[in-house]
Amino acid sequence: MTKQPTVFMRGIRKHFGDFAALKGVDFELRPGEIHGLLGENGAGKTTLMNVLYGLHEPDAGTIELHGEPVRLRTPQDAIAHGIGMVHQHFMLVPTLTVAENMVLGEKGGAFVGKERLQQAASRLRERGERYGLAVDPNARVWQLSVGQQQRVEILRALYRDARVLILDEPTASLTAPETEQLLPRLRALADEGASIVFITHHLEEVLAWTDRITVLRHGELVETLRPAETSAVALARSMVGRPVTLKELGVDVSVAPSTEHRGTGNAPMLEVNGLGCRSDRGTAALDDIGVSVRGGEIVAVAGVEGNGQAELEEVLCGLRQPAAGTVRLGGDDVTHVTTLERLRLGMGVIPSDRYRRGLIRALPIGENLVLDQIGERPYGTPLRVSRRAIAARARELIERFTIRATGPGQLAGELSGGNAQRVVLARTLSRDIRVLVAAQPTRGLDVGAMEFVWARLDEARRAGVAILLLSTDLDEVMALADRCCVLYRGRLVAEWPRHELDRETIGLAMGGVVGTPSPATVPEQVVTRA
Amino acid sequence: MNWSGIVGVGLFASGLQLAMPTALAAVGEAFSERSGVLNLGLEGMMLGGALGAFTADYYSGSAAVGVFAGVGIGVLLGALKAFLSVTLKTEQVINGIVLVIFVQGVTAFAYEKLFGSGGTQPEIPALHTVRIPGLASIPWVGPVLFEQNVLFYVSLALVPAVWLLLQRTKFGLAVRAVGERPLAADSVAVRVDLVRWLALLVCGAMAGFAGAVLVIGDVSLFGTNVTAGRGWVAIALVIFGRWNPLIVFGGALLFGVMDALQLRIQAASGGSNSGVPYEVFQALPYLLTLAVMVIATVAARRNAQPAALGIPFRKEVIE
Amino acid sequence: MTVAQSSVVLPPFQRRYAQLWTVLVSGGGVVLAFLVGGLLVVIAGGDPLAAFRSMFSGTLGSTFSIGELLVTATPLLIIGLGLALAFRGRVYNIGAEGQLFVGALAGGSLILELHASGTVLIAFAVVAGIVAGALWASVVGYLRARWSVNEVISSLLMNYIGIFGFDYVIRKPLGDPAAGNALASRQLPTSAMLPSVSGLYAHVGIFIALGLVPFVWYAMRATPFGYRIRMMGLNREAAQVAGVNTARLTVVLMALSGGLAGLAGVIQVIGVEGRMDSGISANYGFTAIVVALLGRLSAPGVLAAALLIAFLNVGGQAMSVDNGLPYSIVLAIEGVFVLFVLIADRFGRTR
């Protein structure tokens, strides 16, 4: 029996201005398969799927569905052909209900009354039950958890009778238990005859759950093979294009040799006690947070987005007032002190959103590099800013931190993610700091940039800086942390020293499961909020 | 002071009539802001609509023609605002103020050109009160709601229509989505900029209509400052009403009643020789609006402001 | 109400020519303004050339008219500079008119109540005006900084409150019984008035205004304060993370622009009118917004724009008197001008 491929993309090319995102890629998807799409940031995997979903039209190449050539100009075309996509950042409107989100953008009548919403609701319920993805159609999206929202996204594709399902980093925002629940359901869908594309950079998942794997690199197809024919190391090598050591995968825990002095015996530089604060929504975002970081050590706070990391970052920076508790910097109480004072007392910050908080895009790199020191010597006095000093310092930092730019005058908004982050690092690490709060420092960066950041953090650590690392990335935590705690629903639920770090345990704790001896057993002790 | 003479059916009847233009403009503004566009040009749109309505009524003798002209001008100005904010994506705060300055200048000239300055003030005939038989006999409510001019009735019908448009149509759903998370709407092929354009046209139409109601229904004349800041008050009321057209409308009407109350107290207390200076009464509505806006902003437990308000939509290149 | 940022990033070559483009746009705008003006004159039934001739002669034709030009430009310039500073930080102070009146009230009342005269008193009055305007505006700034209350609407509403307050004081407590129906305060003693510049029919206030220009220019360009304003205007959150106290800076900017508006108000009282009445402001507070926008929020730009608008206003009066044309032509020209500049400015940048 010849299995006709469901989707056949041939020779797809796509440019964005000067940047060649796809340089002639072939991709084939068969019925009933789960196909993993692997690649670094910028490799083109999301772009390829965006082309399939009709978000972009390719500059060259053809797409065939069930052997018939098609032209997908808009997502509506793709949806009409049974293709559905679940994006990495959910495309749901938070203030609308689930049912309303389903109806949004639907073709059909001008009126959306109670009946139409009820029809949508019952259809949702039916699909939900069929695929084990139950969700309340009348709940407002902002009330749902991240895992539930993702279920809604998947349901939306199924609601439109998608037979080809594209999932972009589906497990990125899920806790371990939620991931455990998702993957078998995908398999069930595939067994029914649907085809699933799984975009990810998680090597373990792709090896365990897919039927075939395609690797892209710099917009080109590297290979398509079966999981049985390859390994994590081999895949990583294909992704990056050169032999990759375990170190770069973050698997090797000796990024910093364990014989190094790792802060024991130093005085604590950053002490947080009983910290509590509210979120924008009025709920309690942090509850009784206590952590202490000594000079020369890295303490990681791991957790899935939405569990309080953002608020913790803001409270430490001084952007948000805590409702309770204290923050001390080297003995000084900084709980209610301005951001400027904290910077002066030796706090450095790498914000989680580099474009929104780390840089001012419309200003040149030179000014961004001294953003927090304008008005201080040597960049000027309170009455005068010295452009020459700024330019000189900028040139120096650009070289020291290998920032790829045309010069200090280039606008920060033109830099790529990795370079932008280098600017932020350069600014923060070149100052005399005692404490560093690094929030998601490698988010969205490729392996090369990640390495760079990790190396600089390690360098700071060795110089005696106390580093608090807020991260959602387990690789990062495993590579850098001297101690790791987990933030779940606003509370610190577990803590381990370096030699006890174990990916599975941490992952489970991030999902609220603490204290079980083996993840394979049914979790009985689930931490709930009091 | 004769309170029973001041507070009564007459107060509410005139209060509601007085408030109607502001209330209509506020509903239009709520619609625009729900789609994510901050329209600070509202005062200008009302003024433009007022002039258009006045001129058309004066020369044609027909109130209906006047109303259509007012709405038409309002729609045109809404389109201008949409062009500046949605197409060109210039700073919405600035382009709104620019629009007001533009309209104030052009209407001043147009009025002077058409009607000259000095001499007798041109007037248009006042609208008759239309008494709805039966309903107008209901005690208390009847004379207040059902003994008004025809524009009042049209306004009362228009506002629920706008609410229905927002809450019960696909377009309204798109408006609400686009004001909260335009990227999400875009991903399901909703055309964000088009929806915002249309929302601004609706806002402009409401504002133009409000201007028409003001000059044709209320004051029967035109002056360069006939709107007297109603547009700004309307914008404050949108915050107070938490961007819900019905609450906004209700709040605006409540305000009108208080405004009418203030006028009556001022008149009853003997004018310029009494204890309380009449400037206090003049300032009172604005002071109250300010207070109400501050309280609404401060006390809001969950932020009801549309998340994408004021941010032009730019499609981001997905990696 | 907080509204998030939308910063536009220019590619390199266009930045180099950005300043050239700014000048071109402004120049083009002026040309367009005159074209539109001419058109409006024709519509109004007049002769454009004659109209322009009287405009020019009405402003530059004699020392008297030049003096009037400068005197008219003075409040526009002073307030415009303050607004340029505030707008750069995205603090939109629309309440300058009210702040002007409040400042005038404070300064004028001081002089009348103290029954005194002399330079010291003038100085005190000026300070009182600045402080009053600054305080009036700080209320708005505090509301914005502390509770994110929309400063555009609140400053606007404060306008009405301030102006009505002014009206009351000049009607009752400090009113001039001889003024009859006109609302005006008592006359100020001549010794409390600003001296005039010899040879020019203008008061020394024009030097205060002109003197502010280099200060503000320097502050914007070369001081950390100016940098912080720009940072806050471009990206409030990033500025906060970099240590800028945005809440305090917001209040400072409101107070600064309010204080300058108050200064303009006092100068109008002691330099022009000689008493407090509604004539102290020909909508200067609002027109100064136009001046700040046309001047692209830079000090030299505001200077040029203030002179231009003053030219239009004074010349417009002359034109309307000489030729029987409606003065509102000038208002229309200004309106079209500012709209054009907004649109053309946009095309000088990329998306």
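Is A:Ala463 buried or exposed? A:Ala463 is exposed, because 11 other C-beta atoms lie within 10 Å; a residue counts as buried with 20 or more other C-beta atoms within 10 Å of its own, as exposed with 12 or fewer, and as partly exposed in between, the C-beta atoms being placed from the backbone. A:Ala463 belongs to the loop between helix 16 (447-462) and strand 20 (466-471) of chain A. Helices (H or I, at least four residues) and strands (E, at least two) are DSSP runs, numbered from the N terminus. From C-alpha to C-alpha, A:Ala463 and A:Ala394 are 22 Å apart in space and 69 residues apart in sequence.

The model is predicted: local features need pLDDT of at least 70, side-chain atom pairs count only at pLDDT 80 or more, and totals for chains, interfaces and linings use all residues. Residues are numbered from 1 along each chain as its sequence is written, while chains are lettered from A and ligands numbered from 1 in the order in which they are written.

Confidence is expressed as pLDDT, the predictor's confidence in each residue, from 0 to 100. For the complex, the predictor gives an ipTM of 0.85 and a pTM of 0.84. Chain A has a mean pLDDT of 82, with 88% of its residues at 70 or more. Within chain A, the lowest confidence falls in helix 9 (residues 246-249), at a mean of 47, and the highest in strand 19 (residues 435-439), at 94. The pLDDT is below 50 over residues 245-261 of chain A, a stretch with 20 contacts in the model beyond near neighbours in sequence. Two residues are in contact if their C-beta atoms, placed from the backbone, lie within 7 Å. Residues 516-530 of chain A also have pLDDT under 50, and the model has 17 contacts for them beyond four places in sequence. Where pLDDT is low, the predicted coordinates should not be read in detail.

Chain C averages a pLDDT of 85, and 92% of its residues score at least 70. Its confidence is lowest in helix 1 (residues 12-16), at a mean of 56, and highest in helix 11 (residues 246-273), at 94. Over residues 1-10 of chain C the pLDDT is below 50, and this stretch has 32 contacts in the model beyond near neighbours in sequence.

Most residues other than glycine have a negative phi. A:His66, although not a glycine, has a positive phi of about 50 degrees. A:His66 lies in the loop between strand 4 (60-65) and strand 5 (68-70) of chain A, and is partly exposed, with 14 other C-beta atoms within 10 Å. A:Asp161 likewise has a positive phi, near 60 degrees. The loop between helix 5 (146-159) and strand 7 (164-168) of chain A holds A:Asp161, which is exposed, with 11 other C-beta atoms within 10 Å. Helix 10 (residues 309-317) of chain A is mostly covered, eight of its nine residues being buried; among them are A:Leu312, A:Val315, A:Leu316 and A:Cys317. Just after helix 10 of chain A, A:Gly318 takes a positive phi of about 100 degrees.

Turning to the interfaces, the contact between chain B and chain A takes 23 residues from chain B and 27 residues from chain A. On the side of chain B that touches chain A, helix 8 (170-180) and helix 9 (182-187) of chain B each give two or more residues. Helix 8 of chain B provides the largest share, seven residues. By class, this side of chain B has 12 nonpolar, three polar and eight charged residues. Ala, Val, Leu, Ile, Met, Phe, Trp, Tyr, Cys and Pro count as nonpolar, Asp, Glu, Lys and Arg as charged, and the others, Gly among them, as polar.

The contact of chain C with chain B takes 41 residues from chain C and 42 residues from chain B. The elements of chain C that give two or more residues to this side include helix 2 (18-43), helix 6 (119-147) and helix 14 (328-347). Helix 14 of chain C supplies the largest share, 12 residues. The residues on this side of chain C divide into 31 nonpolar, six polar and four charged.

Helix 14 of chain C also packs against helix 13 (residues 299-323) of chain C, at an angle of about 160 degrees and with the axes 9 Å apart. Axes are lines fitted to C-alpha atoms, for helices over the stretch in contact, and angles run from 0 to 180 degrees between N-to-C directions. The contact includes C:Ile309 and C:Leu312 of helix 13 of chain C, and C:Ile329 and C:Ile333 of helix 14 of chain C. By class, this contact has five nonpolar, two polar and one charged residues.
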